[in-house]
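Please look at the sequence and the structure before reading on.

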Amino acid sequence: MRRTAPLIVGGGPAGTAAAITLARGGVPADLIERTTQAHDPVCGGFLGWDAIGALRKLGIDPWALGARRITHVRVLAGGRQAEAALPHPAAGLSRRTLDAALLAEAARLGVAISRGTTVRRIEGGEVHLADGAVLTPDSLFLATGKYELRGAARGSGKRARVGLRAAIPAQPDLAGWIELHLLDGGYAGLLVQDDGQANLCLSIASERLAAAGGSPERLIAALAEEAPRLAARMSAPATAWSAIAAVPYGWRTREAVPGRFRIGDQAAVIASLAGDGIAIALTSGRSAAEAWLAGGPEAASTFQRGFTRRSAWPIGAAETLRYASERPSLASPLLSLVGILPGSLGLAARLTRIGA
Ligand SMILES: Cc1cc2nc3c(=O)[nH]c(=O)nc-3n(C[C@H](O)[C@H](O)[C@H](O)COP(=O)(O)OP(=O)(O)OC[C@H]3O[C@@H](n4cnc5c(N)ncnc54)[C@H](O)[C@@H]3O)c2cc1C
């Protein structure tokens with residue numbers, strides 16, 4: 001039977017991991033990415049040890065890309081603070097650098113990459129592009145991440161949060177640390193990246209942003225009493241903010257469509273507080289491609305069900321953490337507990353890993 005090349009929609013960690021794995025297996029896929037150049041999407045830039053392992057398997061060394069070593073976590077809530085060593089070193093790497101390196105590796109291996117091409121909608125087996133072209137691949141890797149595709153949308157649900165990102169000048173006491181500020185309805189995370197800047201990511205209930213008139217600056221100002229250390233850090237000028245709406249934390253696909261491999265955030269969305277979304281994206285992309293190499297388009301349903309099961313535990317653990325951390329009445333007493341049980345932060349970090 002004649003086969004078309006697999007089509008991958010989305011050139012983030014999930015799509016590129018699938019493309020690299022297929023190419024290494026002798027199958028050069030077509031990859032469509034709507035952006036025209038490297039950019040910084042809304043992401044904390046935290047690479048856990050499982051993400052580092054998954055990258056190495058794809059031939060990418062984050063340290064060679066200038067990633068900053070992170071060995072400790074600091075959590076602040078309601079005037080309390082807890083600190084702990086991470087179970088293994090992690091890395092701070094900008095998504096601009098990471099995504100560019102993954103795309104370059106895919107291109108080097110012969111993947112046909114179309115940048116500046118947008119998929120508008122999926123209709124049955126048809127992929128409709130913004131320029132009016134219609135593609136009918138017999139295998140589709142859906143890797144549009146945080147972005148919904150008409151005809152294949154995930155639905156955001158009640159747990160959806162707004163994501164915001166900006167960079168601020170590095171501050172010396174952040175070197176080697178991931179710092180998490182727990183807020184009513186969300187959190188803010190800070191770390192130093194390869195470019196020497198501190199990356200600030202916020203995940204917040206949409207009502208809180210709406211109450212600040214939709215302005216991230218006014219939101220930070222409104223948080224000054226609740227998170228004074230965060231507000232102080234933000235007194236340094238920030239770059240422009242980027243935002244993403246309706247991130248459906250805790251969502252996992254139940255779908256099993258022949259020939260369609262959902263990967264990355266299109267397969268499962270872990271609470272970003274856990275910092276494991278990139279590892280899940282890389283791991284699902286690689287596993288889906290391995291399933292394709294072994295069984296072709298027909299392997300899609302088995303892969304999808306298997307990955308949904310595999311991601312159940314880390315996603316469930318991350319949702320429990322998120323539930324507690326977003327409620328000041330729970331978060332603050334929990335931080336005192338960390339003082340008594342210093343290993344608990346490391347345990348939380350372990351429980352929310354997918355494993356490479
Ligand atoms: C606030 C916040 C902070 C986070 N912090 C971290 C963190 O520190 N560490 C971590 O591991 N994870 C973090 N995550 C999660 C992480 O960002 C995602 O899990 C990860 O990016 C998923 O990768 P992906 O490849 O599935 O999708 P994405 O990274 O979203 O990539 C999707 C790609 O598809 C392209 N695309 C989208 N639509 C189309 C279309 N219609 N046509 C063509 N191309 C398209 C996009 O341009 C993009 O390049 C965070 C998430 C949020 C919301």
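The text below treats the ligand site and then a surface patch.

The model is predicted, with local features requiring pLDDT of at least 70 and side-chain atom pairs pLDDT 80 or more, while totals for chains, interfaces and linings use all residues. Residues are numbered from 1 along each chain as its sequence is written, and side-chain values use heavy atoms, without hydrogens and water.

**Ligand site**

The ligand is surrounded by 36 residues, each with a heavy atom within 4 Å of it. Glu33, Gly44, Arg95, Asp265 and Ile278 are the closest. By type, the shell holds 16 nonpolar, 14 polar (Gly is counted here) and six charged residues. Polar contacts, pairs of N or O atoms within 3.5 Å, include the following.

| Residue | Protein atom | Ligand atom | Distance |
|---|---|---|---|
| Gly44 | backbone N or O | nitrogen | 2.8 Å |
| Lys146 | side-chain N or O | oxygen | 2.9 Å |
| Gly277 | backbone N or O | oxygen | 3.2 Å |

Of the 1,000 Å² of accessible area that the ligand has on its own, the protein covers 96% (Shrake-Rupley method, 1.4 Å probe). Two or more shell residues come from each of helix H1 (13–24), strand E2 (30–33), strand E14 (197–204) and helix H7 (277–295); helices are DSSP runs of at least four residues and strands of at least two. H7 gives the largest share, three residues.

**Surface patch**

Tyr323, Leu330, Leu334, Leu337, Ile340 and Leu341 make a nonpolar surface patch of about 570 Å². Helix H10 (residues 328–340) contributes four residues, the largest share. Leu330 lies in helix H10 and counts as partly exposed because its relative accessibility is 35%, between the limits of 20% for buried and 50% for exposed.

Definitions and conventions: Polar contact = N/O pair within 3.5 Å; in protein donor to acceptor, adjacent residues only side chain to side chain. Patch = residues over 30% accessible without salt bridge, like charges linked within 9 Å, V, L, I, M, F, W, Y side chains within 5 Å. Salt bridge = Lys/Arg side-chain N within 4 Å of Asp/Glu carboxyl O. Buried < 20%, exposed > 50% of the residue type's maximum accessible area, 1.4 Å probe, protein only.
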